[in-house]
Amino acid sequence: MSKHAADDEREPGAEPDAPSPVALKRPRTAPPTPQEISSTQPLPQRQTNLTNYKLKFTLLGHKKSVSAVKYSPDGKWLATSSLDKTVRLWHAADGKHELTFVGHSQGISDVAWSTDSKYICSGSDDTDIRIYSITSPKAIKVLKGHTNYVFCVNYNPQSNLIVSGSFDENVRIWDVKTGTCLKVLPAHSDPVTAVSFNRDGTLIVSCSNDGLIRIWDTATGQCLKTLIDDDNPPVSYVKFSPNGKYILASTLDSTLRLWSYSTGKCLKTYVGHENTKYCIFSSFSVTGGKWIVSGSEDKSVYIWNLQTKEVVQKLEGHTG
C-alpha cells in the first residue's frame, strides 16, 4: 500500500503489519477555463500541451508501505507517513532525511501540514491523531475520540482546526490549541476516505466508500450539499480546487470527476489510469500550466490537461 502525493495508493484501515483492505452528472455547456480553476483573477500564463517531469531522487528509509507524501506549504520539506508507524521529514531540495516522528502504535494512513509549515498532524489505525512540531520527534498533542482507524486528516488554512475522517464513518473537527473535539459529524454510511477544507476554511468536503461527496459548513456542522454520480461508485479521494469553486473526486471506477460546487454537476471526467481498489491521491497542478495529476494502480503517475482531458504525461519508476 502506498499513497503518494501523486502516485499514492492506499487501502483504508491497515493492520499494523499488513496492508489494509479497501473497505456527478452532465457537463455544462461551457466548461470552466483553466484560469477559473486556479484563481478568480489569474495572471496570464502560457498553457503548453506537454509536460516534461523527470525523476529527481528517491527517498529511502521507511520499512513498510508509504501511505502519504506531502510538500510543506513553504516548499522546503516533505513529510511522509507509513505503515511502519512513523512519519519522516525530508529536505525537499536534496531528499536528505531530517527527522523521524514516533508515537503511533499502528500504521499511519495520512499526514498534513499546518499553513506555516511548522507543524504536522498524522492519522493512524491506532485511532489517534498526533500533532508534531517539525523540531521534535515526539508529539506535542494527541487527539482522541475516533473509535476506528483514522484514515484522513487536514488542517484548515488558519491552522487552528483539524478535520479528520475515520472508519467509524464520522468526520470530526478538532481545536488545535486545546486538542478537544469541537464537532462530530455523522457523515457517511461507510468509511470516510478523504476530508479537506476550502480556501478560506468555511467549508469541508468529505467522501466515502458509500459513493457520496458531502460539503459541510465548518462553523455549524450542517451538511450543505451532497454530490453523487448516477452509477454511485465508491469515492476514494476528494479536494477543492484552489479557488474553491470546483471539487475534484477520484472514484473506484478508474475515473476522476471535476464537479461544480455551485451547481452540483459533473463538468469533466479524466480517464486512462487504473483505480479500482486503492484510495489514490489526485490533485490540481496550477503553477506551470493547468493539469490534473493522479497516481494509478499500474504503478505510474498520470498527468492530464485540465481543459482538454488529454493524458499529457505518464511518469514511471515505482515498482509497487
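How many aromatic pairs does the structure hold? It holds seven. Rings of Phe, Tyr and Trp (its six-membered ring) pair if their centres lie within 6.5 Å; planes under 30 degrees apart count as stacked, over 60 as edge-to-face and the rest as tilted. This is a predicted model: local features need pLDDT of at least 70, side-chain atom pairs count only at pLDDT 80 or more, and totals for chains, interfaces and linings use all residues. Residues are numbered from 1 along each chain as its sequence is written, and side-chain values use heavy atoms, with hydrogens and water left out.

One of the pairs joins Tyr-270 and Trp-304 edge-to-face, 6.2 Å centre to centre, with 65 degrees between the planes. Tyr-270 sits in strand β22 and Trp-304 in strand β26, 34 residues apart. Strands are DSSP runs of E, at least two residues, numbered from the N terminus. Both Tyr-270 and Trp-304 are buried, meaning under 20% relative accessible area (1.4 Å probe, protein chains only). Elsewhere, ring pairs link Tyr-149, Phe-151 and Phe-167 into a cluster.

Next, a sheet. Four strands form an open sheet in the order β11-β12-β13-β14, with antiparallel pairing. Two strands pair if DSSP finds at least two bridges between them. β11 and β14 stand at the edges with a single partner strand each, so one side of each lacks a neighbour in the sheet. Four bridges join β13 to β14. Trp-174 stands opposite Cys-181 in β14.

Finally, look at Ser-122 in strand β8. Is Ser-122 buried or exposed? Ser-122 is buried, because its relative accessible area is 0%.

Conventions. Buried means under 20% relative accessible area, exposed over 50%, partly exposed in between (1.4 Å probe, protein chains only).
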